[in-house]
Amino acid sequence: MIVCLAVVGHQNNPLYIQSFTEADDALKLHHMVHCSVDVIDERVDNPKKSGPTINETFLGLLCPTENYKVYGYLTNTKVKFILVTTDLDVRDADMRTFFRRFHAAYVDAVSNPFHVPGKKITSKTFAERVATIVKSFGLTTTG
Amino acid sequence: MIGVGKIKPYTNVLDRPLSKGKQEVSLSAFAFLFSELVQYNQTQVDNIAELERRLEDAGYAVGARVLELLCHREKGNRRETRLLGILSFIHSTVWKVLFGKVADSLEKGTEHEDEYMISEKELLVNRFISIPKDMGAFNCGAFVAGIVKGVLDNAGFPAVVTAHFVPVDGQQRPRTTILIKFAEEVLQREARLG
């Protein structure tokens with residue numbers, strides 16, 4: 001179950017944060033997203049330590065905490081997508097598919113000429129598409 | 001009626017299926033739009049430098065979006081971290097998507113380490129434009145320079161990009177060169193990456 005999705009800009013400013021649970025721990029999820037941004041930065045800035053695939057967009061599992069897993073994805077413009085999920089056995093391929101669709105929705109939102117880069121994404125269409133992607137992802141993995 | 005051939009049985013034009021459309025825009029439509037853009041900006045400014053800056057800003061916004069779109073569509077899972085990588089990406093992929101062909105040449109500057117040049121015999125945006133003598137060295141290719149700057153800045157390679165006319169012996173119209181001068185930090189990072 002995906003509980004939280006975040007898009008963080010290249011100066012680590014939040015562009016879009018959305019949680020998908022009704023529980024009150026939205027703040028805790030935001031905090032977790034904040035910490036994972038640090039993990040991403042550390043992986044990106046140390047090319048020698050992270051091995052040969054430094055320019056992959058999909059960063060994989062960032063940090064597993066008690067009952068959440070956090071996945072990261074970095075686009076070419078240093079915009080980071082962070083995903084917090086409670087599923088314990090998601091496949092890598094599923095994650096990549098999810099991020100690919102999310103990236104497509106993000107590109108469409110940014111191509112809007114009225115969108116100011118660096119400001120929050122306020123498009124309702126983007127929010128709806130993201131909700132659809134999350135719902136369909138939930139159905140394919142638990143179904 | 002004899003020999004009419006296949007007629008789709010749609011009486012109402014609204015019932016016909018939507019076509020996917022071509023992925024191209026007509027050159028004349030773009031030329032008109034671009035000329036309006038230049039004319040509009042000309043009424044707003046007092047001098048050439050300001051006009052160039054405005055065209056560049058317009059191109060910058062285009063460059064940022066083009067980078068996002070192309071990286072998602074064409075590059076799949078790779079990010080460009082090397083200088084030559086991003087330059088060849090601009091020179092081939094970006095040019096192909098925007099202008100329908102790859103740029104004519106990509107050269108490294110001889111005088112300075114941080115200068116690179118992309119040249120084109122005739123920039124598409126300049127095809128129907130002639131600069132009056134009193135405007136001096138103004139080049140509407142500043143729009144394209146802005147696009148390149150947008151792509152480079154958002155990919156993490158800050159640079160100063162300008163467009164220049166370079167007269168060539170055999171031709172009547174001068175060649176256009178986009179001069180890219182990278183910031184200090186880009187060269188340092190490049191040196192560190194080896």
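How many helices and strands does chain A have? Chain A has three helices and five strands. Helices here are DSSP runs of H or I with at least four residues, strands are E runs of at least two, and both are numbered from the N terminus.

Before going on, some ground rules. This is a predicted model, where local features need pLDDT of at least 70, side-chain atom pairs count only at pLDDT 80 or more, and totals for chains, interfaces and linings use all residues. Residues are numbered from 1 along each chain as its sequence is written, chains are lettered from A and ligands numbered from 1 in the order in which they are written, and side-chain values use heavy atoms, with hydrogens and water left out.

Back to chain A. From the N terminus, its elements run β-β-α-β-β-β-α-α. Now contacts, meaning heavy atoms within 4.5 Å. Take those in chain A with a separation of 6 or more: residues 24 or more positions apart account for 55% of them.

Next, the largest pocket. A pocket is an open set of points on a 1 Å grid over the protein atoms alone, with protein on both sides within 12 Å along at least five of seven lines; lining residues have an atom within 4 Å of a point. The lining has 29 residues. Nearest the centre lie Val25(B), Phe30(B), Val62(B), Val97(B) and Leu98(B).

Which helices of chain B each supply at least two lining residues? They are α1 (27-44), α2 (48-75), α3 (83-99) and α4 (142-154). α2(B) gives the most, with seven residues.

Key. On a 1 Å grid over the protein atoms alone, a cavity is a set of points where a 1.4 Å probe fits but cannot get out, and a pocket is an open set with protein on both sides within 12 Å along at least five of seven lines; lining residues have an atom within 4 Å of a point.
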